[in-house]
Amino acid sequence: EDGGVPHGAILAAFVEAVLGNDDTLLADARKAVRRAVGDAGFVDACATAASFNAVVKLADGTGIPLEDWKA
């Protein structure tokens with residue numbers, strides 16, 4: 001699914017690869033994102049993924065509780 005976002009399926013696959021542990025899949029996903037949205041869009045996608053990852057780590061580190069429905 002693309003979520004109604006241009007190149008959404010490619011970006012979703014990139015996020016899955018970023019969160020996974022398959023280096024080949026990640027390399028392929030990076031290439032696909034760069035082909036779809038260009039270098040600047042690729043940097044934006046990486047920055048967005050990194051930002052969300054940082055927010056989660058900050059929340060975990062400070063002890064902000066996770067809502068039951070999110071677990």
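Before the numbers, one definition: axes here are lines fitted to C-alpha atoms, for helices over the stretch in contact, and angles run from 0 to 180 degrees between N-to-C directions. The model is a predicted one.

H1 covers residues 8–19, and H2 covers residues 23–62. Their axes lie 9 Å apart, and the packing angle is about 120°. Angles of 65 to 115 degrees would count as roughly perpendicular, and over 145 as roughly antiparallel, so H1 is oblique to H2. The crossing of H1 past H2 is left-handed.

Now the contact itself. On the H1 side we have Ile10, Leu11, Ala13, Phe14, Ala17 and Val18. They meet a set of H2 residues that runs from Leu25 to Cys46 and includes Arg30, Val33, Ala36 and Phe42. Sorted by class, this contact has 15 nonpolar residues, one charged and no polar.

H1 on its own: it has twelve residues, and the distance from its first C-alpha to its last is 16 Å, close to the 16 Å expected at 1.5 Å a residue. Which residues of H1 are buried? Gly8, Phe14 and Ala17 are, and the buried residues of H1 pack against H2.

Last, the residue ahead of H1. His7 sits in the segment before that helix. Leaving out residues up to four places away in sequence, His7 touches Ala36 and Val37. Ala36 is 29 residues away from His7 along the chain, yet their C-alpha atoms are separated by 6.8 Å. Ala36 is also one of the H2 residues in the contact with H1. His7 has a relative accessible area of 40%, so His7 counts as partly exposed.

Conventions
Residues are numbered from 1 along each chain as its sequence is written. This is a predicted model: local features need pLDDT of at least 70, side-chain atom pairs count only at pLDDT 80 or more; totals for chains, interfaces and linings use all residues. Side-chain values use heavy atoms; hydrogens and water are left out. Helices (H or I, at least four residues) and strands (E, at least two) are DSSP runs, numbered from the N terminus. Buried means under 20% relative accessible area, exposed over 50%, partly exposed in between (1.4 Å probe, protein chains only). Contact means heavy atoms within 4.5 Å. Angles under 35 degrees count as roughly parallel, over 145 as roughly antiparallel, 65 to 115 as roughly perpendicular and the rest as oblique. A crossing is left-handed if the near helix is turned anticlockwise from the far one by less than a right angle, and right-handed if clockwise. Ala, Val, Leu, Ile, Met, Phe, Trp, Tyr, Cys and Pro count as nonpolar, Asp, Glu, Lys and Arg as charged, and the others, Gly among them, as polar. The expected span of a helix is 1.5 Å times one less than its number of residues.
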